[in-house]
Amino acid sequence: MNRPLSKIIPRCKQNIHPWQIRLSHWINLLAMICMIMSGWGIYNAYPLFPFTFPQSTTLGGWLGGNIAWHLATMWLMAVNALFYLLWGLFSGHFKRSFFPFSSKSVWRDTVRAFTFTLPHKLGEYNAVQRLMYVSVLLLGALLVLSGLSIWKPVQLSGLVWLLGGFGSARYVHFFAMSGVMLFVVIHVLMVLLVPKTFIAMITGGKKAHIQESTDE
Ligand code: HEM
């Protein structure tokens with residue numbers, strides 16, 4: 001049925017990034033900074049590779065302090081991640097915002113990004129972002145599983161076995177951390193290319209919804 005234009009009015013202004021995403025995103029950043037810096041301190045005590053991280057980039061001062069920071073912020077990160085994952089799953093956010101994507105769309109958007117022709121619509125992730133966000137969630141899961149197996153190797157001996165033993169779990173943990181660091185570098189570069197996304201991730205941004213009036 002055709003309705004007069006006067007009946008079609010902007011009804012609501014919805015956030016591009018709901019508060020649940022913004023809150024958990026920025027808490028996650030804080031927790032990740034603490035986890036990574038304290039983790040580098042722990043690594044320095046018994047390095048896997050012939051290098052250590054500068055003392056100024058570590059958190060906790062000494063090994064005991066590094067471990068205390070790592071385990072304390074682990075809880076902040078875990079509660080926050082659980083909140084984000086449950087909200088993302090049950091609100092339909094993951095399904096709506098992260099999927100679908102294909103190798104073809106990722107390639108197309110990568111080429112567009114490198115030629116600075118990638119259009120950006122606030123609130124809509126391109127295929128490269130979709131792939132990156134799903135990958136970092138999987139990397140995060142690997143980071144948590146390998147971290148748990150190093151923390152409680154006796155209680156979680158099955159998990160240690162799955163990861164190829166205690167020594168190998170340490171490598172998995174290190175490479176998962178490196179993967180997350182690589183994600184952050186590319187992620188921040190992409191944000192710098194489209195700075196308005198940063199403002200929206202803080203304020204929420206507003207998108208107008210044109211919705212048919214039901215007031216008769
Ligand atoms: C200085 C550091 C960071 C900045 C400035 C930043 C900024 C942003 C911005 C602006 C967006 C929205 C992008 C858009 O609308 O197109 C976003 C989304 C996202 N960021 Fe970050 N970010 C940072 C660090 C991180 C870290 C450390 C992680 C995880 C390891 C992360 C994971 C994500 C994820 C998963 C999303 C998608 C959120 C969703 O819609 O569920 N970010 N970030």
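This section describes the overall architecture, the iron site and selected helices and residues of a predicted model.

The chain contains 8 helices and 2 strands. Read along the sequence, these elements follow the order β-α-α-α-α-α-α-α-α-β. Of the 216 residues in the chain, 32% are buried. Among contacts in the chain with a separation of 6 or more, 70% are between residues 24 or more positions apart.

The iron atom of the ligand is coordinated by NE2 of H25 and NE2 of H187, at 2.0 Å. The site of this iron atom has 6 donor atoms, and the angles among them run from 83 to 179 degrees. The geometry of the site is octahedral. H25 belongs to helix α1 (residues 19-45) and H187 to helix α7 (residues 166-193), so the two histidines tie together parts of the chain that are 162 residues apart in sequence. The two residues fall into separate accessibility classes. H25 counts as partly exposed because its relative accessibility is 25%, whereas H187, at 15% relative accessibility, counts as buried.

Helix α1 also holds S24. S24 has a relative accessibility of 2% and therefore counts as buried, the cut-off being 20%. When residues up to four places away in sequence are left out, S24 touches N80, F83 and Y84.

Helix α4 spans residues 103-114 and consists of 12 residues. The distance from its first C-alpha to its last is 16 Å, close to the 16 Å expected at 1.5 Å a residue. The buried residues of α4 are S105, V106 and D109. These residues lie on the same side of α4, because they cover an arc of only 100 degrees around the axis. In general, residues three or four places apart in an α-helix point the same way, because there are 3.6 residues a turn. The other side of α4 carries the exposed residues S103, K104, W107 and F114. Helix α5 (127-151) is included in what covers the buried residues of α4.

One of the buried residues of α4 is S105. Its relative accessibility is 13%, which is under the 20% cut-off, so S105 counts as buried. The C-alpha atom of S105 is separated by 5.8 Å from that of A127, although the two residues are 22 residues apart along the chain. Helix α4 is followed by F116, which has a positive phi, near 55 degrees.

Strand β2 comprises residues 206-212 and includes K206. K206 is exposed, because its relative accessible area of 54% is over the 50% cut-off. Between the C-alpha atoms of K206 and H17 the separation is 8.5 Å, while the two residues stand 189 residues apart along the chain.

Conventions: Residues numbered from 1 in each chain as written. Predicted model: local features only at pLDDT ≥ 70, side-chain atom pairs only at ≥ 80, totals over all residues. Heavy atoms only, no water. Helix = DSSP H or I, 4+ residues; strand = E, 2+ residues; numbered from the N terminus. Expected span 1.5 Å × (residues − 1). Buried < 20%, exposed > 50% of the residue type's maximum accessible area, 1.4 Å probe, protein only. Arc of directions from axis to C-beta. Contact = heavy atoms within 4.5 Å. Donors = N, O, S within 2.8 Å, 3.2 Å for Na, K, Ca; no water. Tetrahedral: all angles 85-135°; square planar, octahedral: opposite > 155°, others 65-115°.
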